Amino acid sequence: MFDLTEDQVSIVEMVADFATENIAPHAAAWDRDHHFPVDVLAQAGELGMGGIYVREESGGSGMSRLDAALIFEELSKADPTIAAYISIHNMVAWMIDKFGNDEQHAAWLPGLCSMESLGSYCLTEPGAGSDAAALSTRAVLDGEHYVLNGTKQFISGAGSSGVYLVMARTADTGSAGITAFIVPDGTEGLSFGALEAKMGWNAQPTRQVVMEDVRIPVGNRLGEEGTGFGIAMKGLNGGRVNIGACSIGGGQAALDKSIAYLKEREAFGKPLISQQALLFAIADMEIELETARTMIWRAADALERGTKDTVRLCAMAKRVATDAGFNAANTALQLHGGYGYLSEYGIEKIVRDLRVHQILEGSNEIMRLIVGRLAVER
Amino acid sequence: MKIVVLIKQVPDTAEERILDPATGRLDREASDAVIDEITERALELALSVKDGDKSTEVVVATMGPKEALKSIRKALSMGADSGIHVLDDGLAGADLVVTASVLAAALRDTGADLFIAGNESTDGRAGMLPAMIAEHLGLPLLGSLVAADISAQSVSGQRATEAGTQDVSAAYPAIVTVTERFAEARFPNFKGILGAKRKPVSTLSAAELGDTGQISSSVLEVSQRPPRTAGAKITDDGNAAAQLVDFLASRRLI
């Protein structure tokens with residue numbers, strides 16, 4: 001169960017080669033220049049990273065959730081921001097594959113799987129974050145069209161994406177009144193807010209998505225009316241595992257850099273690694289990351305097999321992995337001393353990038369709410 | 001069109017490569033084994049022909065120990081259609097003469113229009129093998145090309161020499177060798193990786209090829225390269241640049 005197959009070893013090797021050659025050397029510049037490398041994303045798409053667990057008949061790679069977790073960890077070692085964006089994109093592609101009809105598969109998936117067209121997941125609103133069921137974007141049926149009005153907040157890829165997967169209210173019945181829609185870029189009435197200035201994740205754009213009388217055909221409704229909240233949450237189960245894997249990758253990169261640095265840096269007449277307190281810090285990072293990795297793999301397996309405890313395990317894995325990744329990066333910064341605080345060493349970027357993983361895809365407080373409620377209801 | 005690419009598994013040049021002093025042979029445990037970079041470029045050239053014409057069949061061939069199958073699988077994951085693996089414990093330590101004769105026997109009946117190899121490998125660096133195979137098979141050799149144009153009827157290319165550029169061409173069947181001026185190899189995609197296992201690899205022994213592989217040369221001695229010694233230090237007292245120029249000029253470097 002815990003040994004990777006030959007295929008998985010080859011997959012990890014390829015993704016590592018790709019990330020080392022095409023992502024890692026540019027990550028610092030992309031972060032500094034706030035550059036979203038859509039050309040590199042298209043290269044990733046050519047290799048099959050646009051629809052990792054989208055079925056092959058839909059144009060995807062047809063791989064498992066565990067394969068996906070391995071891929072995201074590897075990408076994130078090079079750049080958590082790019083890895084995390086690809087994770088969000090995959091969530092959108094999978095939702096269309098899983099809940100869409102044949103026409104929707106044919107219309108949207110070829111472009112998404114090749115990453116020639118990018119996807120954005122639009123659930124959060126300025127006034128509805130953790131309490132997503134309280135969203136107020138409205139979709140009103142008007143003949144053969146729906147008319148959408150509302151604003152989505154913190155949308156990754158906004159302004160660059162080709163496909164916006166929007167959760168909107170079709171009835172005032174709480175979460176049961178939410179429906180999912182595919183809104184293509186270029187639709188009249190669709191506009192975007194200013195680029196948000198943020199702590200990290202600078203290599204992907206975050207903007208508001210604003211809809212003013214956006215008319216889309218009924219054929220762009222994903223699933224039936226009222227099923228949108230469930231679709232959004234099912235997408236997030238996978239999103240949580242993937243973002244957790246991204247945190248482990250970032251944390252692992254920070255750990256690897258720390259080990260190299262402590263071996264090389266001398267103080268008080270010997271390499272820092274011979275200080276037991278620092279060796280213990282390395283051990284704790286290693287232990288926490290491996291623990292989180294084990295949890296991520298278990299959640300990925302549950303997701304793959306559709307077991308009853310999928311929601312619980314995905315929530316646990318997300319909480320454990322995003323905390324472990326951030327803590328490892330933050331410890332790595334401390335171990336690097338003043339150099340860790342300099343951009344040049346690449347550690348502070350990992351800290352900034354991984355911090356948001358504890359907030360998005362359901363904040364870690366919401367993860368505790370899910371796990372806690374399920375624990376006491378049992 | 002059918003193209004056979006000769007690939008070679010070599011120790012990763014990014015790592016330390018070690019010769020076993022007892023046998024004079026490569027210590028294969030000491031570093032990761034990868035497809036030789038120049039033969040990967042040879043494969044890329046063949047795959048680019050296949051990109052333009054899907055009916056092109058690309059076969060990779062290698063002679064090497066059991067682990068060499070990993071390199072064949074990698075080539076298949078990148079897009080080659082099938083593999084030929086010459087595998088025979090009796091061939092361990094084979095010299096160029098034996099290797100060329102065995103490989104030529106393996107390639108003779110492939111019915112290939114074109115054979116593509118690297119001009120030299122990053123480990124042995126003899127740069128002789130493709131020419132020796134060309135002799136065995138009686139094929140024209142366009143060696144050490146810097147550019148190639150592979151059409152349906154013939155192959156042409158340029159070779160850079162000290163005197164200038166040669167334009168060379170040959171009708172099929174022919175052998176060409178590429179240099180590192182050719183494009184870097186592509187990454188295998190997920191579908192390629194997952195599909196590589198289903199592609200056929202034929203394993204051939206020296207006996208099956210009618211070649212018993214008598215190795216007639218042996219390594220007498222291997223000695224460690226002496227450690228680097230400190231170079232000359234130039235202290236700049238105003239004419240360091242001139243001294244540097246003299247130093248380089250005395251070694252014919254400028």
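1. The model is predicted, with local features requiring pLDDT of at least 70 and side-chain atom pairs counted only at pLDDT 80 or more, while totals for chains, interfaces and linings use all residues. Residues are numbered from 1 along each chain as its sequence is written, chains are lettered from A in the order in which they are written, and side-chain values use heavy atoms, with hydrogens and water left out.

2. Helix α6 of chain A covers residues 102-114; helices here are DSSP runs (H or I, at least four residues) and strands are runs of E (at least two), numbered from the N terminus. Its 13 residues should span 18 Å at 1.5 Å a residue, and the end C-alpha atoms are 18 Å apart, which agrees; the expected span is 1.5 Å times one less than the number of residues.

3. At the start of α6(A), a side-chain oxygen of Asn101(A) comes to within 3.2 Å of the backbone nitrogen of Glu103(A). The helix α6(A) bends by about 40° at Trp108(A), with Pro110(A) following within four residues; the bend is the angle between axes fitted to the seven residues ending at a residue and the seven starting there. Just after α6(A), Met115(A) has a positive phi of about 60°.

4. Among the buried residues of α6(A) are Trp108(A), Leu109(A) and Leu112(A), where buried means under 20% relative accessible area (1.4 Å probe, protein chains only). The elements covering the buried residues of α6(A) include α3 (38-46), α5 (80-99) and β4 (163-169) of chain A.

5. Chain A brings 22 residues and chain B 10 residues to their contact, which is defined by heavy atoms within 4.5 Å. The area buried between chain A and chain B is about 1,300 Å², with 66% from carbon and sulfur atoms; buried area is the accessible area (1.4 Å probe) that two parts lose on being put together, summed over both. Asp7(A), Met14(A) and Leu47(A) supply 38% of the area that chain A buries against chain B, more than any other three residues.

6. The interface of chain A and chain B holds 2 salt bridges, each a side-chain nitrogen of Lys or Arg within 4 Å of a carboxyl oxygen of Asp or Glu. The side chains of Lys197(B) and Asp7(A) form a salt bridge at 3.0 Å, N to O. Helix α1 (residues 6-22) of chain A gives the most to the side of chain A that touches chain B, with 11 residues.

7. Trp201(A), which is not a glycine, has a positive phi of about 50° and counts as buried because its relative accessibility is 4%.

How values were computed. Buried means under 20% relative accessible area, exposed over 50%, partly exposed in between (1.4 Å probe, protein chains only). A polar contact is a pair of N or O atoms within 3.5 Å; within protein, one must be able to donate a hydrogen and the other to accept it, and residues adjacent in sequence count only if both atoms are side-chain atoms.
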